[in-house]
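Subject: Structure for your review

Dear colleague,

Please find below the sequence and structure that I am handing over to you. My findings follow directly after it.

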Amino acid sequence: MGSEPWYHTARRWGQTNLVEIDPARYDGDWWREHWRRTRINGVIVNAGGIVSYYPTKFPLHHRAEALGERDLYGEIVAAARKEGLNVIARMDSNRVAEDFYRAHPDWICLDIEGKPYRQADKYVTCINSPYYSEYLPLIMEEIIERSRPDGFADNSWAGIPRKNICYCRYCEEKFFTSSGVDLPRRHDWGDENYRLWIRWNFQRRTDLWQLNNRVTTKAGGRDCHWMGMISGDVLNNCNRFIDLPAILSRSPIVMLDHQRRNGVDGFEDNTEAGKRLHEVGGWDKLIPESTPQYQLGSPAFRLASMPVAEVRLWSSAAFAGGIQPWWHHIGSSHEDRRQYTTAEPIFTWHEANEDVLFNRRPEADVGVVWSQTNHDFHGRDHANDRTMNPYRGALRALDRAGIPHLPVHADDIAKAAGRFRVLILPNLAAISDEQADAIKAFAAQGGSVIASSETSLYSQHGDKRPDFALADLFGLHSKGASLGGQELANADIETSARHTYLRLSPELRAGVHGPKDETAPKASGERHPVLAGFEETDTLPFGGFLPVVSVESDVTVLATFIPDFPIYPPETSWMRKSHTDLPAITVREGANGSSFVWFVADLDRCFARDEQFEHGQLIANAVKWILADRAFLALEGGHGFITAAAYRQGERQIVHLNNRILTSRIPGRQAELLPIGPVTLRLRRKTASRAAPEVTLRVSGLQPKVKVEGEELVIEISQVLDHEVIVVG
């Protein structure tokens, strides 16, 4: 390992995010001891940008308030080197103070009226100005000359977000040179100039990434990489014009800034982020993640300690997704000292279990396809509802059912054959012809596909096609109309717009009791397995969006749409039209053993938005039907609150189990750990041996009950507190 570059070997990081008064109070001896206790391999140290923590030679490079002539940054770097630690120089560069603005007003972003964009008391710098192409390279060269860091990170490197269009002269000139047209005058996805502006901005960030790396590697050596920071939130990357496949292919390590809690995504979001970034950037790449030891609720409390349970759940979710730990404090001195004790047990466990946390490859039967292009050009200004919620809903349905899955970028579908048995396309509406062809090729090689809503109805740039690009695969055709809405909020009691239902196919149901609807079509056999668990009902709540489609003769319609009717007053709440021929769920079986399910009704979006349990069960049913009894991993017990992520390491199998019980009304916040169990893991073996292999539990250290049943290894874990790592063989 000694000959390998630092970005292959530095597996645990620490960051004391300096504030401007820290030069007067930083206790270097105390922090050095904390570095040792937490077993870190590297430190992230504030260097420059908005604030300089060394005596810079540039007059406008604002020195920290209490710095004077002290070189606090240099002192920390020297201490880190004595401890044998790697060093990343941290910058935060997208804003400047009033004096800088007065000296270089043309380097600042302007709105359409020529007024500068501001954040608090700072001015936002333009990514197309000399501030980025000339000034910041000089700052990085100065830092390298003084301290020779191993690399650079930058907190807000990507510049102004998509909601703001900059009209400075550099943007006007460079956009015209690139596109031959003027900057768009408003946000209008129907305007080709605006869509050109979107694509131009993505390219500009990729170009900047390459420029910064040319600067740092020239001045600091071939391994002195500039790595920005990358958000784990795909919509945040869209809004900042960060092209993940382009950026990750250019970075040897991913400095992940994915720490903010929200009211939608829970701890499982951290596992998904790790898997998604690895799938795009490569599983050999390290992804250390900034893990705050301070509270990040809404509001955040920068100086208060995050509950221990919350840090443990977030970090263990990260480990399941292949992410490495990086503790993060704001400021160097705290009266709330609880935050200093949280990291040590997590980091020491991580060090002790490196052998099963690295050099491994993920395993899953199911790939869930996503695309930034779809979020941008179909989701547009409503991406959270239109495209992100379908993706969320599919993942949550799989998690609740204990089905391992991996995110698959739409450009990587061609590599999915032989790796996954099922691909899920959650409202993957905007796709290219090449991506559609890759899906068909996957199916031709025996793969099964589940799609939803408007999948493939639009080109990659959001132009509507006359029919689905996958129409011939699923036997489904667009009629050009739709019912319901994609962005409807929860209807109030007076509104019936979302009071719609699905009618399940009218096949024979065993043991049906109660009055029957004599107008319903007559029974004709058992219901399809996708409808398993709903034998006692003929209808299910819907409340979503339905494209109107027609189906070919070999397509089976499992459910149809029931239009809305009054929800209030109760006396009026009866179905005005109880039957239609509008397909809501369809199934088609291919000649080569493949199967195709289309949730025309957007149940994935509805499940993420409304938590209607039947929607998640239908999605899981479709996957289980396709996998039949050949799933490589299955969970029993856990009540839907245990998720599994699986890996293979040579002959060894590794399974992460994560406890997803929430005790807070805000996903991602947690003050206590509640154990759950027993949990039974069924793992399909790739050996003919009847002997039970060695099985160890790396978190609890307990000995599980293990037995062999046919081709399956059955492992019983008594309980899972925050997480468990099962190592087989």
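Strand β1 (residues 13-17) is largely enclosed by the rest of the structure, because 5 of its 5 residues are buried. Buried here means under 20% relative accessible area, exposed means over 50%, and partly exposed lies in between, with a 1.4 Å probe and protein chains only. Strands (E, at least two residues) and helices (H or I, at least four) are DSSP runs, numbered from the N terminus.

Please note that this is a predicted model, in which local features need pLDDT of at least 70 and side-chain atom pairs count only at pLDDT 80 or more, while totals for chains, interfaces and linings use all residues. Residues are numbered from 1 along each chain as its sequence is written, and side-chain values use heavy atoms, with hydrogens and water left out.

Strands of a sheet pair through backbone hydrogen bonds, either parallel or antiparallel. Two strands are taken as paired if DSSP finds at least two bridges between them. β1 runs parallel to strand β12 (residues 324-330), to which 5 bridges join it; T16 stands opposite H329 of β12. With strand β2 (residues 42-49), β1 pairs in the parallel sense over 3 bridges, and Q15 has I44 of β2 as its bridge partner. Together with helix α2 (residues 28-37), β1 and β2 make a right-handed β-α-β unit. A crossover is called right-handed if, with the strands pointing away from the viewer, the path from the first strand over the helix to the second runs clockwise.

A second sheet

An open sheet of 3 strands has the order β4-β6-β5, with antiparallel pairing. Its edge strands, β4 (95-96) and β5 (118-119), each pair on one side only. β5 and strand β6 (residues 122-124) run antiparallel and are joined by 2 bridges, and R118 has Y123 of β6 as its bridge partner.

Aromatic rings

The structure holds 33 aromatic pairs. Rings of Phe, Tyr and Trp (its six-membered ring) pair if their centres lie within 6.5 Å; planes under 30 degrees apart count as stacked, over 60 as edge-to-face and the rest as tilted. The pair of F100 and W107 is tilted, because the ring centres are 5.9 Å apart and the planes stand at 50°. F100 is buried, with a relative accessible area of 3%, and W107 is buried at 9%. F58, F100, W107, Y131, Y132 and Y135 form one aromatic cluster.

W189 and F377 form an edge-to-face pair, 5.6 Å centre to centre with 85° between the planes. This pair links distant parts of the chain: W189 is in the loop between α6 (169-179) and α7 (192-220), and F377 is in helix α14 (residues 372-379), 188 residues apart. Both W189 and F377 are buried.

R195, in helix α7, is buried as well, with a relative accessible area of 8%. Not counting residues up to four places away in sequence, R195 touches W189, F377, R380, H461, G462 and D463, where contact means heavy atoms within 4.5 Å.

Two arginines sit over rings. The charged end of R37 is over the ring of W30, 5.3 Å from its centre, and R360 lies over the face of Y647, at 3.7 Å from the ring centre. The criterion is that NZ of Lys or CZ of Arg is within 6 Å of the ring centre and within 35 degrees of the ring normal.

Cysteines

How many disulfides does a search of the whole structure find? The search finds 0, a disulfide being a pair of cysteine sulfur atoms within 2.5 Å. C109 is in no disulfide, and the nearest cysteine sulfur, that of C166, is 4.0 Å away. C109 counts as buried at 1% relative accessibility. For C238, the closest cysteine sulfur is in C109, and at 20 Å it is too far for a bond. C238 is buried, with a relative accessible area of 2%.

One further position

Q210 is in helix α7 and is partly exposed, with a relative accessible area of 29%. Q210 and F596 are 386 residues apart in sequence and 42 Å apart in space, C-alpha to C-alpha.

With kind regards
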